[in-house]
Amino acid sequence: MDAPTDRQVQILRVIRNWIADHGEGPSIRQIGERVGLSSSSSVAYQLGRLEDRGLVSRTGRRWRSCHLGRGIR
């Protein structure tokens, strides 16, 4: 498996920090604002790629329920 892209690493960092500060995952818009993506579909695409790789998971349909995958801290 290839290493995550720089953008994906940024997204993982945003998720980790947001969960630490707020106790739940950020919204797609909140992620986009912090990594410089104005399109929510671009953020959703990157999150889907991370989910496919097991780097993030979610318990519901919304990304606010996301958790970092095993070994990601």
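Visitor: Where is glycine 69 found?

Guide: Look in the segment after strand E2 (66-68); strands here are DSSP runs of E with at least two residues, helices are runs of H or I with at least four, and both are numbered from the N terminus. Keep in mind that this is a predicted model, where local features need pLDDT of at least 70, side-chain atom pairs count only at pLDDT 80 or more, and totals for chains, interfaces and linings use all residues. Residues are numbered from 1 along each chain as its sequence is written, and side-chain values use heavy atoms, with hydrogens and water left out.

Visitor: Why is glycine 69 called buried?

Guide: Its relative accessible area is 6%. Buried means under 20%, exposed means over 50%, and partly exposed is in between, with a 1.4 Å probe and protein chains only. So glycine 69, at 6%, counts as buried.

Visitor: Which residues does glycine 69 touch?

Guide: Gly54, Leu55 and Val56, leaving aside residues up to four places away in sequence. Contact means heavy atoms within 4.5 Å.

Visitor: What makes H1 and H3 roughly perpendicular?

Guide: Helix H1 (residues 6-22) and helix H3 (residues 40-52) pack at about 85°, with axes 10 Å apart. The axes are lines fitted to C-alpha atoms over the stretch in contact, and angles run from 0 to 180 degrees between N-to-C directions. Under 35 degrees is roughly parallel, over 145 roughly antiparallel, 65 to 115 roughly perpendicular, and the rest oblique. That is why H1 and H3 are called roughly perpendicular.

Visitor: And what makes H2 and H3 roughly perpendicular?

Guide: The axes of helix H2 (residues 28-35) and H3 cross at roughly 95° and come within 9 Å, so this pair is roughly perpendicular too. On the H2 side, the contact is made by Ile28, Ile31 and Gly32; on the H3 side, by Ser40, Val43, Ala44 and Leu47.

Visitor: How many of the residues in the contact of H2 with H3 are nonpolar, polar or charged?

Guide: Five are nonpolar, two polar and none charged. Nonpolar covers Ala, Val, Leu, Ile, Met, Phe, Trp, Tyr, Cys and Pro; charged covers Asp, Glu, Lys and Arg; the others, Gly among them, are polar.

Visitor: What is the order of the elements from the N terminus on?

Guide: They run α-α-α-β-β.

Visitor: Why is the protein called as compact as a globular protein of that length?

Guide: Its radius of gyration, taken over C-alpha atoms, is 11 Å. The globule rule, 2.2 Å times the number of residues to the power 0.38, gives 11 Å for 73 residues. The two values are close, so the protein is as compact as a globular protein of that length.
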